[in-house]
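Please look over the sequence and the structure shown below before reading on. The paragraphs that follow go from the whole chain to single residues.

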Amino acid sequence: MTQKLVILDRDGVINEDSDAYIKSADEWIPVPGSLEAISRLKKAGYTVVVASNQSGLARGLFDLSALQGIHDKMKLALAQRGTAIDGIYFCPHGPNDNCSCRKPKPGLLLQIAAEFKVKPVDMIFVGDSYTDIQAAQVAGSQAVLVKSGKGTKTLNRHGPFTNVPVYDDLSHFVREFLKKYHEK
Ligand SMILES: [Mg+2]
Ligand SMILES: [Zn+2]
């Protein structure tokens, strides 16, 4: 893997997931070690971008200003660790909207590839859902599954996967990834 751009799903990867959706900044709780992992990726020279489905918008569970508040909390938590992500991309649509950005469709990933001028094959997408894996594979990017969030359920229900490395969580992935490609 020589990818320089790492895309992260949000819910279940950076923050704890909830079947009731993350509707407010108060409900946004980072997965242990995830913010430090992002910091390490950034220090190693990677561009780090978030790509998430936020159908709670289409479902009327929260509005754009609440989503902005959630993202502000995430950015502040990262800033307190001296780091920052390079972009946040989300699909605001519902499952019946037939958009091209809701994962498993690859729209968000292709948009990121275009905007950062990176080939999809040079991107890694870390997610906890089967739809994340599907989006990565359709885009032609490397899929990585973490067991946090819905990851264990995803693995039990849809796995084992071919060419999809599995890690306990984002922290575990970053530790192994940087060990393999950047450190001795
Ligand atoms: Mg997720
Ligand atoms: Zn969409």
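In what order do the elements of the protein chain run from the N terminus on? The model, which is a predicted one, has six helices and six strands in its protein chain, and from the N terminus on these elements follow the order β-α-β-α-β-α-β-α-β-α-β-α.

The overall dimensions can be read next. The protein chain has a radius of gyration of 15 Å, which agrees with the value near 16 Å that a compact globule of 184 residues would have, and its C-alpha atoms fill a box of roughly 50 × 35 × 35 Å along the principal axes. Of the 184 residues, 46% are buried; the accessible surface, for its part, amounts to about 8,700 Å², and carbon and sulfur atoms contribute 50% of that area. Among the contacts with a separation of 6 or more, 63% are made by residues 24 or more positions apart.

The protein chain carries 23 positive and 20 negative charges, whose mean positions lie 5 Å apart, and the structure holds nine salt bridges. One of these joins the side chains of Glu27 and Lys23, with 3.3 Å from N to O; Glu27 is partly exposed, since its relative accessibility is 31%, and Lys23 is likewise described as partly exposed, at 25%.

Another salt bridge is formed by the side chains of Asp86 and Lys42, with an N to O distance of 2.8 Å. Because Asp86 belongs to the loop between α2 (64-79) and β3 (87-91) while Lys42 sits in helix α1 (residues 34-43), this pair ties together parts that are 44 residues apart in sequence. Asp86 has a relative accessibility of 35% and therefore counts as partly exposed, and Lys42, with a relative accessible area of 25%, is partly exposed as well.

Are Lys103 and Asp132, which also form a salt bridge, buried or exposed? Both residues are buried, and their closest N and O atoms are 2.9 Å apart.

Lys103 leads on to the backbone, for the peptide bond from Lys103 to Pro104 is cis, with omega near 20 degrees, and Pro104 is placed in the loop between β3 and α3. A cis peptide bond also joins Gly159 and Pro160, where omega is about 0 degrees; Pro160 is part of the loop between α5 (151-158) and β6 (166-167).

Positive phi values in residues other than glycine deserve a look too. Tyr21, in the loop between β1 (5-8) and α1, has a phi near 70 degrees, and its relative accessibility of 28% makes it partly exposed. Asn98, whose place is in the loop between β3 and α3, has a phi near 55 degrees, and this residue is exposed, because its relative accessible area is 70% and the cut-off for exposed is over 50%.

Towards the end of the chain, His172 is found in helix α6 (residues 170-181). With a relative accessible area of 18%, His172 counts as buried, since buried means under 20%. His172 and Val146 are 26 residues apart in sequence, and their C-alpha atoms are 8.6 Å apart in space.

Note on methods: Residues are numbered from 1 along each chain as its sequence is written. Chains are lettered from A and ligands numbered from 1 in the order in which they are written. This is a predicted model: local features need pLDDT of at least 70, side-chain atom pairs count only at pLDDT 80 or more; totals for chains, interfaces and linings use all residues. Side-chain values use heavy atoms; hydrogens and water are left out. Helices (H or I, at least four residues) and strands (E, at least two) are DSSP runs, numbered from the N terminus. The radius of gyration is taken over C-alpha atoms; the globule rule is 2.2 Å times the number of residues to the power 0.38. Buried means under 20% relative accessible area, exposed over 50%, partly exposed in between (1.4 Å probe, protein chains only). Contact means heavy atoms within 4.5 Å. Accessible areas come from the Shrake-Rupley method with a 1.4 Å probe; for residues, only the protein chains shown count as cover. Lys and Arg count as positive and Asp and Glu as negative; His and the chain ends are not counted. The place of a charge is taken as NZ of Lys, CZ of Arg, CG of Asp or CD of Glu. A salt bridge is a side-chain nitrogen of Lys or Arg within 4 Å of a carboxyl oxygen of Asp or Glu.
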